[in-house]
Amino acid sequence: MIEFNFEYLGSFSENQIKIIVEKAISQGLKEMDFKKKYYLSVLLTNNNGIRKINKKYRKINKSTNVLSFPQNDERFVTKKKSKIILGDIVISLEKVTEEAELQKKQLSDHFTHMVIHSLLHLLGFNHEKLKDFKIMKKKEINVLSKLSISSPYVIND
């Protein structure tokens with residue numbers, strides 16, 4: 001289950017955002033062979049909103065495209081049913097739009113990439129070291145290809 005919170009929509013409608021996010025998360029979890037019931041929240045905001053969150057939780061006073069706050073905690077909904085709380089994703093649609101324009105990428109493709117990138121962070125992947133970056137990049141490209149989106153890293157390949 002994905003819970004959505006909207007502070008900023010940019011050029012999207014709430015429904016368009018939900019479709020993109022749900023499709024990206026579903027494909028990402030499928031490719032990661034994640035079969036458990038899950039919960040995650042997604043906040044769509046602007047540069048100022050994400051800057052405030054980045055400052056509060058990471059002590060970095062600047063905007064960014066996405067923030068991921070992993071939890072990976074199993075909670076029982078009933079005595080027999082549990083869900084994995086994956087965590088929270090915060091996306092600045094304003095920043096993602098700016099990046100798509102600057103990089104001459106289709107906005108929906110770049111947005112999808114950022115959702116998958118955030119999901120992988122929730123699942124424990126990072127890009128702090130070159131080796132980890134290469135692993136994460138490969139997984140992102142694989143999931144995006146299943147969604148008929150070409151590699152966003154073509155320039156760097």
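My entries follow, starting with the source of the model.

I noted that this is a predicted model, in which local features need pLDDT of at least 70, side-chain atom pairs count only at pLDDT 80 or more, and totals for chains, interfaces and linings use all residues. Residues are numbered from 1 along each chain as its sequence is written, and side-chain values use heavy atoms, with hydrogens and water left out.

I found an open sheet of four strands in the order 1-2-4-3 with mixed pairing, where strands (E, at least two residues) and helices (H or I, at least four) are DSSP runs numbered from the N terminus, and pairing requires at least two DSSP bridges between two strands. Strand 1 (2–6) and strand 3 (66–76) each have a single partner strand and stand at the edges, so one side of each lacks a neighbour in the sheet. Strand 3 pairs with strand 4 (residues 82–92) in the antiparallel sense over nine bridges, and I looked up Val66, whose bridge partner in strand 4 is Ile91.

Helices on the sheet. I saw that helix 1 (residues 14–31) packs on the sheet and touches strand 1, strand 2 (38–45) and strand 4, contact meaning heavy atoms within 4.5 Å. Helix 2 (residues 47–58) lies across strand 2, strand 3 and strand 4.

Helix pair. I then checked which residues of helix 4 (residues 107–122) meet helix 5 (residues 130–146): among them are Ile116 and Leu120 in helix 4, and Met136 and Val143 in helix 5.

Technical notes
Axes fitted to C-alpha atoms, helices over the stretch in contact; angles between N-to-C directions.
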